[in-house]
Amino acid sequence: MEKEPPSEMKRILLTALFLTGLTGLATAQVKMEDLQTKNPDSPNASTTVTINGKQLWIAYHAPSVKGRKIFGGADALQPDGTIWRLGADYATVLHTDADLDLNGLAVPKGDYALYADLDKGQWKLIVNKTLMAGGRHVWGINMDGTTTNNSSTEIGRAAMTMGKPPAPVEKLKITLSDAGAGKGKLLVEFANVTASVPVTVK
């Protein structure tokens, strides 16, 4: 086989380095500040926890009830059987520095959009690989009112434990907590509903 001329080899090397750089950009960690908006009706919110030395965070936008019926029936703002973006504005984002197990669902370390399937009031947490729509983060709701969740890009769904708060929760609250021994919990509280899923850090 003939050797490539030095100039050709240099071109190939530069091309390879360029493509490697693009790959690095495509897999770069999402920055929480890039998810912030200036919407006072659904302000930026986040929750962070360190479990076994690994950091997890969720960035979301927190709507308020404002006298509306949020869940629990066909006349609710978010009826049973629909997909909810777990907040408002941009889709809610999970970042994890470690591989996770979410109630039996394996989630590799990285960044994901979170949604909830409100299946007849028995919620399932949806973990989706799609974060971007072109040059911007997924907005969470399409123009026709459906969510931007695409089942073909889901990592999977994890069953959530349902409950009721001691008092109605006016503003959406999502919490990550450490339960010790490499375990934790993801808790969603809003209106008259709580939903949680156990988290295990691998």
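Colleague: What does V188 touch, leaving out residues up to four places away in sequence?
Modeller: In this predicted model, V188 touches W84, L86, W123, M160, L172, K173, I174, V193, T194 and A195.

Colleague: And which residues have the most contacts inside the largest nonpolar core?
Modeller: V188 is one of them, along with F71, W84, L102, W123 and L186. That core has 39 residues.

Colleague: Which strand gives the largest share of this core?
Modeller: Strand β15, residues 193-201, with five residues.

Colleague: What about a second core, how many residues there?
Modeller: That one is separate and has 11 residues, including A113, Y115, I126 and V138.

Colleague: Switching to Y112. Where is it found, and is it buried or exposed?
Modeller: Y112 is found in strand β7, residues 110-117. Its relative accessible area is 6%, under the 20% cut-off, so Y112 counts as buried.

Colleague: What does the side chain of Y112 reach?
Modeller: The backbone oxygen of P108, at 2.6 Å.

Colleague: And which residues is Y112 in contact with beyond four places in sequence?
Modeller: Among them are T92, V93, L94, V107, L131 and I155.

Colleague: Last one: where is A88 found?
Modeller: In the loop between β3 (83-84) and β4 (92-96). A88 is buried, because its relative accessibility is 7% and the cut-off is under 20%.

Technical notes:
Residues are numbered from 1 along each chain as its sequence is written. This is a predicted model: local features need pLDDT of at least 70, side-chain atom pairs count only at pLDDT 80 or more; totals for chains, interfaces and linings use all residues. Side-chain values use heavy atoms; hydrogens and water are left out. Helices (H or I, at least four residues) and strands (E, at least two) are DSSP runs, numbered from the N terminus. Buried means under 20% relative accessible area, exposed over 50%, partly exposed in between (1.4 Å probe, protein chains only). Contact means heavy atoms within 4.5 Å. A polar contact is a pair of N or O atoms within 3.5 Å; within protein, one must be able to donate a hydrogen and the other to accept it, and residues adjacent in sequence count only if both atoms are side-chain atoms. A nonpolar core is a set of buried Ala, Val, Leu, Ile, Met, Phe, Trp, Tyr and Cys residues joined through side-chain atoms within 4.5 Å.
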